[in-house]
Amino acid sequence: GLGQEDQAILKHSSLASGIVEMTVRAPVVARSAKAGQFVRVLATDDGELIPLTLADWNEEAGTIDLVIQGMGTSTKLMNQMAVGDAFAGIAGPLGSPSHVQSFAEDETAVFAAGGVGLPAIYPIAKAHLEIGNHVTMIIGFRSADHLFWTGDDERMGLLKAQYGDKLDVIYCSNDGTFGIKGFVTTPLEEMLKAGNISNGRKIAEVISVGPPMMMRAVSDMTKPYGVPTVVSLNSIMVDATGMCGACMVPVLEDGKSLRLHACIDGPEFNAHSVEWDKFMPRFNQFKTQEVRSMELHGL
Ligand code: FES
């Protein structure tokens, strides 16, 4: 029956323009998922594999939650699927779990997320809160028209209600229609200038997920202050097994250039080791094919 089949879509809702949240039956993934991991999703048998960060999961119900931004052919087709439809395949959980360590009472973890970076950092921030860490979440949206999860009865509101003073949430938008006017780097810069202090506590670590430009800006900003910074790199992935090389991340460690893979070595990386100049162009490596593919699918 409906919902009994693995990979069946049980819930489907539009969060904002082009952004869909789904609850999908995937008991094997839900049983072993850890914060920071992702799944490899195949919409149809002849489709392409898309890596999607787990936004949430429920072990008892055997379900996972995914937030999908329609950017290319596959993600747009996924967003057109409905309750009762099923994905052709979901593999995971993949990638190394986020390294969630305990910080001192006078320290805090600071998250900086843009757009659909929010569902990617949400489980990681929650994992920090669960072990008693103080957390600051800086969340950026393009404008008030693009926000999601911010209502009192939605995920961020519920998290705030549950953790109270342990969690400080700062919203910003590019045009100032919601929260502070600016980018996530706007409040972050103030914190760094104030002596690496957020909400009265020393910043122990910055964790950032969002558009590549944003993660690079965060990394460049924290580097001179020596604040440990982690980025979760949603590189283009093809096989997600470390074989194809599509997700290569150029990293410089101890003066040595390394070519790591987001799918097996990541998705989290020390932001200050990433060779951003070499890495940024990789996000456009399939641009021509993507545009052509969307035309063919009438998207
Ligand atoms: Fe192919 Fe990572 S996706 S090596």
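Helices here are DSSP runs of H or I with at least four residues, strands are runs of E with at least two, and both are numbered from the N terminus. Please keep in mind that this is a predicted model, in which local features need pLDDT of at least 70 and side-chain atom pairs count only at pLDDT 80 or more, while totals for chains, interfaces and linings use all residues. Residues are numbered from 1 along each chain as its sequence is written.

Which residues of helix 6 are buried? In this helix, which covers residues 212–222, they are Met214, Met215, Ala217, Val218, Ser219, Met221 and Thr222. A residue is called buried if 20 or more other C-beta atoms lie within 10 Å of its own, exposed if 12 or fewer do, and partly exposed in between, with the C-beta atoms placed from the backbone.

Contact means that the C-beta atoms of two residues, placed from the backbone, lie within 7 Å. Leu192 itself counts as buried because 20 other C-beta atoms lie within 10 Å.

Now to the strands on either side of helix 6 in the chain. Strand 13, helix 6 and strand 14 make a right-handed β-α-β unit, where right-handed says that, with the strands pointing away from the viewer, the path from the first strand over the helix to the second runs clockwise. Strands 13 and 14 pair in the parallel sense over three bridges, and two strands are said to pair if DSSP finds at least two bridges between them. Within that pairing, Ile207 stands opposite Val230 in strand 14.

Strand 14 is also joined by three bridges to strand 17 (residues 268–270), and these two run antiparallel, with Val230 standing opposite Asn270 in strand 17. In a regular strand the side chains alternate between the two faces of the sheet. In strand 14, Thr229 and Val231 point one way while Val230 and Ser232 point the other way, and all of them are buried.

Elsewhere, strand 15 (residues 248–253) and strand 16 (residues 256–261) pair in the antiparallel sense over six bridges, and Val249 has Leu260 in strand 16 as its bridge partner. Their hairpin has two residues between the strands, and Asp254 takes a positive phi near 50° there.

There is also an open sheet of three strands in the order 4-3-7, with antiparallel pairing. Its edge strands are strand 4 (49–53) and strand 7 (89–94), each of which pairs on one side only. Five bridges join strand 3 (residues 38–42) to strand 4, and Val39 stands opposite Leu52 in strand 4.

Finally, the whole protein. Its secondary structure comes to eight helices and 17 strands, and 42% of its 299 residues count as buried. Along its principal axes the C-alpha trace spans about 55 × 45 × 35 Å. Among contacts between residues at least 6 apart in sequence, 68% join residues at least 24 apart.
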